[in-house]
Amino acid sequence: MQIKDNVFVITGGGRGLGRAMAESLAAQGAKLALIDLNQDDLDVAAGACAEQGGEARGYICNITEEAAVEATFAQIKQDFGKINGLVNNAGLMRDGMLIKVKEGELLAKMSLDQFNSVVNVNMTGTFLCGREAAAIMAQQGEGGVIVNVSSVSRAGNMGQTNYSATKAAVATMVVSWGKELARHGIRTGGIAPGVIATEMTAQMKPEAIDRMVAAVPLKRLGQVEEMAHTLRYIIENDFFTGRIIEMDGGLRI
Ligand SMILES: NC(=O)c1ccc[n+]([C@@H]2O[C@H](COP(=O)([O-])OP(=O)(O)OC[C@H]3O[C@@H](n4cnc5c(N)ncnc54)[C@H](O)[C@@H]3O)[C@@H](O)[C@H]2O)c1
């Protein structure tokens, strides 16, 4: 699929990797519908896309709410006339150990709220947005592409019972949807990043960064442009579907 003049929805497009991927597609002449929770972030991100030469609009929408997601995708279709691609990028991390025990005494358990909040955004939100985008694309009859952002943590990571489970789940949706939606000309892909340098990592202590980098065979963090490059590859390669690209510098956890 060509990027120029096509319409891409990016969830969590207000900041971080979502915004970086949006700017990259805008630079190629794409039209962007950015979904996020914060209006200021959306305004800045849409402005950055416009500076890159792409038309962009922001949409406030909590992707865990079915009615809001349905209304937002209908609005995007109305505003732009079509939807060609979706990047399910919005994500939440609320790390913690399953249980904390000291000297035989139970100190804490991961709460159901801590578990469910991550499931709701990362897994249910991806399902809802993927479903709405697929429904619109199938009715348009011009195909499309859906990309889910997973993580190296999908293999199962210490302190990430909730997050790892959701990132494995969205990776399987790439495979299921790849099989189901091919008949409509809709392709799917997943990106499983390792640690990418963002505003969040910039705020971490240098020792913590050093520890993370030590485990990466390439001995550095990924760059947001490398993430955007992988997205562009999935969009543009018409024989790619139902698979996950590991973008992690060789890191295994
Ligand atoms: N940064 C990394 O190193 C890294 C590594 C692996 C995977 N990822 C994944 O990449 C994606 C983006 O990560 P990031 O580092 O840019 O994170 P981030 O926290 O900077 O951005 C996530 C965005 O999603 C939005 N969001 C959260 N909940 C939402 C909801 N209910 N409805 C709508 N929007 C919501 C947030 O407001 C935010 O703008 C996430 O799925 C994350 O799990 C990131």
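A: Asn89 places a backbone N or O atom 2.7 Å from an oxygen atom of the ligand. This is a polar contact, meaning a pair of N or O atoms within 3.5 Å; within protein, one atom must be able to donate a hydrogen and the other to accept it, and residues adjacent in sequence count only if both atoms are side-chain atoms. The model is predicted: local features need pLDDT of at least 70 and side-chain atom pairs pLDDT 80 or more, while totals for chains, interfaces and linings use all residues. Residues are numbered from 1 along each chain as its sequence is written, and side-chain values use heavy atoms, without hydrogens and water.

Asn89 is among the nearest of the 23 residues around the ligand, together with Arg15, Leu17, Asp36 and Tyr163; a residue is near if one of its heavy atoms lies within 4 Å. From Arg15, a polar side-chain atom lies 2.7 Å from a ligand oxygen atom. Ile63 uses a backbone N or O atom instead, 3.1 Å from a nitrogen atom of the ligand. The ligand taken alone exposes 830 Å², of which the protein buries 89%; accessible areas come from the Shrake-Rupley method with a 1.4 Å probe, and for residues only the protein chains shown count as cover.

Arg19 and Glu23 form one, with N and O 3.0 Å apart. Both residues belong to helix α1 (residues 16-27) and are 4 residues apart, about one turn of the helix; helices (H or I, at least four residues) and strands (E, at least two) are DSSP runs numbered from the N terminus. Arg19 is partly exposed at 25% relative accessibility, where buried means under 20%, exposed over 50% and partly exposed in between (1.4 Å probe, protein chains only). In the salt bridge between Lys4 and Asp5, the closest N and O atoms are 3.9 Å apart. Lys4, at 48%, is partly exposed, and Asp5, at 38%, is also partly exposed. Arg220 and Glu226 pair with their closest N and O atoms at 2.8 Å. Salt bridges with shared partners also join Glu66, Glu70, Arg131 and Glu132 into one network.

There is 1 aromatic pair. It is edge-to-face because the rings of Tyr233 and Phe240 have centres 5.8 Å apart and planes at 75°; rings of Phe, Tyr and Trp (its six-membered ring) pair if their centres lie within 6.5 Å, with planes under 30 degrees apart counted as stacked, over 60 as edge-to-face and the rest as tilted. Phe240 is buried at 12%, whereas Tyr233 is partly exposed at 40%. Another ring, that of Phe80, has Arg57 over its face, 5.8 Å from the ring centre; such a charge requires NZ of Lys or CZ of Arg within 6 Å of the ring centre and within 35 degrees of the ring normal.

On the backbone, most residues other than glycine have a negative phi. Glu103 has a positive phi of about 50°. Glu103 sits in the loop between β5 (99-102) and β6 (105-109) and is exposed at 79%. Lys219 also has a positive phi, of about 55°. The loop between α7 (206-214) and α8 (224-236) holds Lys219, which is exposed at 51%.

Conventions
Salt bridge = Lys/Arg side-chain N within 4 Å of Asp/Glu carboxyl O.
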